[in-house]
Amino acid sequence: MAADAFTQNDDIPISERGPASTDVVVGFGFWLFLLSDIVVFAAMFAAYAVLADQTAGGPTGAQLFDRGRVLLETACLLASSFTCGLMSLSIERRDRMMVYVWAAVTFVLGAAFVALEVTEFAGMIHEGAGPSRSAFLSAFFLLVGTHGLHVTAGLCWLVVMLAQVGTLGFRPMVVRRFRCFSLFWHALDIVWIGVFTIVYLGAR
């Protein structure tokens, strides 16, 4: 039995033995980060579900939310996910020009989403519906604001990655980072679909 195992191991190329490759380690570590982030958002969704009716006599979500604006925000973010996918395909082809083009479109769409969200927050605060007005609004600003901060961080990350393509080219570490960015960006879209469905469409 031991001899058979030894023989089988000898048949494995040296390049495939030992510790996992850098791609595997980085991918596994980033998936752990994403899962931990999803757990944080799940806790915020749970808090919002509990506090959604605690308006303290203040305005409700149905009175505050402009679903037309939110639909536009959603369209921007979902479209940015599509262009991010096209950017990833361009990276696999090592097409620098198209990487820049699709990254720029992704950035513009993401920035438009953040701008619409900031405008929504500013309007609510101007009307006296800030996070301190009620438990409902505290949970709303926490959940939606945290997602917005993630999108903003993603935009900054994208700019850094484009600078790395310009200076370092398509080195393996740069390609790995772009793959991680793509996973991060698509995860934000999934979270936003939950926000759109539960917070905005479920407002009453």
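**Helix packing and burial in a predicted model**

Tutor: In this predicted model, helix α6 (residues 135–168) and helix α7 (residues 172–201) pack with their axes 10 Å apart, at an angle of about 160°.

Student: Why are α6 and α7 called roughly antiparallel?

Tutor: Angles over 145 degrees count as roughly antiparallel. The angle between α6 and α7 is about 160°, so the two helices are roughly antiparallel to each other. The crossing in which α6 passes α7 is left-handed.

Student: What kinds of residue make up the contact of α6 with α7?

Tutor: In that contact, 24 residues are nonpolar, four are polar and one is charged.

Student: What makes α2 and α7 roughly parallel?

Tutor: Helix α2 (residues 22–51) and α7 have axes that come within 11 Å and cross at roughly 15°. The cut-off for roughly parallel is an angle under 35 degrees, and α2 and α7 are therefore described as roughly parallel to each other. Their crossing is right-handed.

Student: Which residues make the contact between α2 and α7?

Tutor: From α2, the contributors include Phe30, Trp31, Phe33, Leu34 and Phe41. From α7, they include Arg176, Arg179, Leu183, Phe184 and Val191. The residues of this contact divide into 17 nonpolar, two polar and four charged.

Student: How do you know that the length of α5 agrees with its number of residues?

Tutor: Helix α5 (residues 96–126) has 31 residues, which should span 45 Å at 1.5 Å a residue. The C-alpha atoms at its ends are 44 Å apart, so the two values agree. Just after α5, Gly128 takes a positive phi of about 85°.

Student: Which elements do the buried residues of α5 pack against?

Tutor: They pack against α3 (61–64), α4 (67–92), α6 and α7. Among the buried residues of α5 are Val99, Leu109, Phe113, Glu117 and Glu120.

Student: What does the same test of length give for α6?

Tutor: The 34 residues of α6 should span 50 Å at 1.5 Å a residue, and its end C-alpha atoms are 48 Å apart, which agrees. Gly169 follows α6 and has a positive phi, near 75°.

Student: Why does Leu155 count as buried?

Tutor: Buried means under 20% relative accessible area. Leu155, which lies in helix α6, is at 8% and therefore counts as buried. Leaving aside residues up to four places away in sequence, Leu155 touches Phe107, Gly110, Ala111, Val114 and Trp185.

Student: Why is Val160 called partly exposed?

Tutor: Val160 also lies in helix α6. Its relative accessible area is 45%. Under 20% would be buried and over 50% exposed, so Val160 is partly exposed.

Student: How many residues separate Val160 from Gln63 in sequence, and what is the distance in space?

Tutor: The two are 97 residues apart in sequence, and 40 Å lie between their C-alpha atoms. For Leu155 and Leu51, 104 residues apart along the chain, the C-alpha separation is 31 Å.

How values were computed
Residues are numbered from 1 along each chain as its sequence is written. This is a predicted model: local features need pLDDT of at least 70, side-chain atom pairs count only at pLDDT 80 or more; totals for chains, interfaces and linings use all residues. Side-chain values use heavy atoms; hydrogens and water are left out. Axes are lines fitted to C-alpha atoms, for helices over the stretch in contact, and angles run from 0 to 180 degrees between N-to-C directions. Helices (H or I, at least four residues) and strands (E, at least two) are DSSP runs, numbered from the N terminus. Angles under 35 degrees count as roughly parallel, over 145 as roughly antiparallel, 65 to 115 as roughly perpendicular and the rest as oblique. A crossing is left-handed if the near helix is turned anticlockwise from the far one by less than a right angle, and right-handed if clockwise. Ala, Val, Leu, Ile, Met, Phe, Trp, Tyr, Cys and Pro count as nonpolar, Asp, Glu, Lys and Arg as charged, and the others, Gly among them, as polar. Contact means heavy atoms within 4.5 Å. The expected span of a helix is 1.5 Å times one less than its number of residues. Buried means under 20% relative accessible area, exposed over 50%, partly exposed in between (1.4 Å probe, protein chains only).
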